[in-house]
Amino acid sequence: MSLCLTIFVLLLQSMVLTHAQDYKPVSKDIQDHWEGNGYSVKIYFDFAKGGAVQIFKDNKQVYLQKGFKFKLGLQSDDMPESKLVKPGKDITGDGVPDLVVSEWSGGAHCCFIYNVFSLGKEFKFIDQIENSHGYYGKFKDVDGDGVLEFLGHDFTFSYWHESFAGSPAPEIILDFKDGAYRLALGKMKKPINPLVYKSQLDEFRNASRDQASLRLNKVGWERRGFVLPSMVWSYMLDLIYTGHPKEAWGFLQDVWPKGKAGKERFIKEFKEQQSRSYYWDNLKSLIEQKDSTELTPTQTLSLSQRIRLLNLRMD
């Protein structure tokens, strides 16, 4: 796509988003339609005007939301999980039919939202799941209990000292609990692979040798001429989100060059960025559990001893 065409599309999208709330549903714009259990759901879309989702119960409107582009179910019908959230399926495990309507706000690769409704005797809006840049968000029963969890990513660190393509987005699992979708830290936990831990250290050492290239590319966290590549906080986030915050801070200590200033500054800024997450209330206790400024017995071990300890935990 040429630069001029790209700018034109972005401007047009901006105009549509500005006036989306003025959109009035008309029958010619119906893109999708479903009926069942006394309900009727209509999806409208006009690229120049925006779109809407309209829900009726017993021929009476019970819900109307305007925006850009809505879709029944997931964003892609090609995903195997799309059949799990067909309209009328019970995804929350309460025996009542549910409805998932996904929404794209019209941005270049953002934003994607998943709205969940209960289509019982009483119509209920259950929850709205923000998945930001996550086109491939999906619902899946990860533990076999008959209730679908939501699988997506946390894009809090998008564009943080890195291009979007190079930005980390750790995987998340959301549980349906107490009437809403909440971060399921227990289901996200995975064992640490010591070989991956060591390979990440080796990759950092190779990347950090060429500080000139890192500065030239203008990516990475920089302090007084020292550039920390994004693969460091990418792996830290993987460790944190899979239940290993102490090891994440230990990894930072392993990669930080001895005698190089700025580590405390990086930790402060890292935590500030993390606090912008939708899931900060759940993550806060993990993030603040221990940091590299508070040396634990594990963190005072040599690298070889720490990797040996990780191996023991894998057994």
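Residues are classed as buried when their relative accessible area is under 20%, as exposed when it is over 50%, and as partly exposed in between, with a 1.4 Å probe and protein chains only. The structure is a predicted model, in which local features need pLDDT of at least 70 and side-chain atom pairs count only at pLDDT 80 or more, whereas totals for chains, interfaces and linings use all residues. Residues are numbered from 1 along each chain as its sequence is written, and side-chain values use heavy atoms, with hydrogens and water left out.

Salt bridges are considered first. With a salt bridge defined as a side-chain nitrogen of Lys or Arg within 4 Å of a carboxyl oxygen of Asp or Glu, the structure contains twelve. One of them pairs Lys28 with Asp29, with 3.2 Å between the closest N and O atoms. Lys28 counts as exposed because its relative accessibility is 60%, while Asp29 counts as buried because its value is 5%.

A salt bridge also connects Asp175 and Lys187, whose closest N and O atoms lie 2.7 Å apart. This pair links distant parts of the chain, twelve residues apart, with Asp175 in strand β11 (residues 171-177) and Lys187 in helix α2 (residues 185-188). Helices (H or I, at least four residues) and strands (E, at least two) are DSSP runs, numbered from the N terminus. Asp175 is buried, at 18% relative accessibility, and Lys187 is partly exposed, at 28%.

Within helix α7 (residues 263-274), Arg265 and Glu269 are placed four residues apart, about one turn of the helix. Their side chains form a salt bridge with an N to O distance of 2.7 Å. Glu269 is buried at a relative accessible area of 18%, whereas Arg265, at 38%, is partly exposed. Elsewhere, salt bridges that share partners join Asp143, Glu149, Asp175 and Lys187 into one network.

The nonpolar cores were examined next. A nonpolar core is a set of buried Ala, Val, Leu, Ile, Met, Phe, Trp, Tyr and Cys residues joined through side-chain atoms within 4.5 Å. The largest such core has 53 residues, of which Phe139, Leu228, Leu252, Phe266 and Phe270 touch the most other members. Helix α5 (residues 230-241) gives the most to this core, contributing nine residues. Where contact means heavy atoms within 4.5 Å, and with residues up to four places away in sequence not counted, Leu228 touches Phe204, Gly220, Trp221, Trp233, Leu252, Trp256 and Phe266. A second, separate core comprises 14 residues, including Val41, Ile55, Tyr63 and Phe123.

Gln54 is located in strand β3 and is buried, with a relative accessible area of 10%. Its side chain makes a polar contact with that of Tyr44 at 2.6 Å. A polar contact is a pair of N or O atoms within 3.5 Å; within protein, one must be able to donate a hydrogen and the other to accept it, and residues adjacent in sequence count only if both atoms are side-chain atoms. Apart from residues up to four places away in sequence, Gln54 touches Pro25, Ser40, Val41, Lys42, Tyr44, Gln61, Tyr63 and Leu64.

Most residues other than glycine have a negative phi. Asp58, in the loop between β3 (50-57) and β4 (60-67), has a positive phi near 50 degrees and is exposed at 57% relative accessibility. Asp178, in the loop between β11 and β12 (180-183), likewise has a positive phi, of about 55 degrees, and is exposed with a relative accessible area of 68%.
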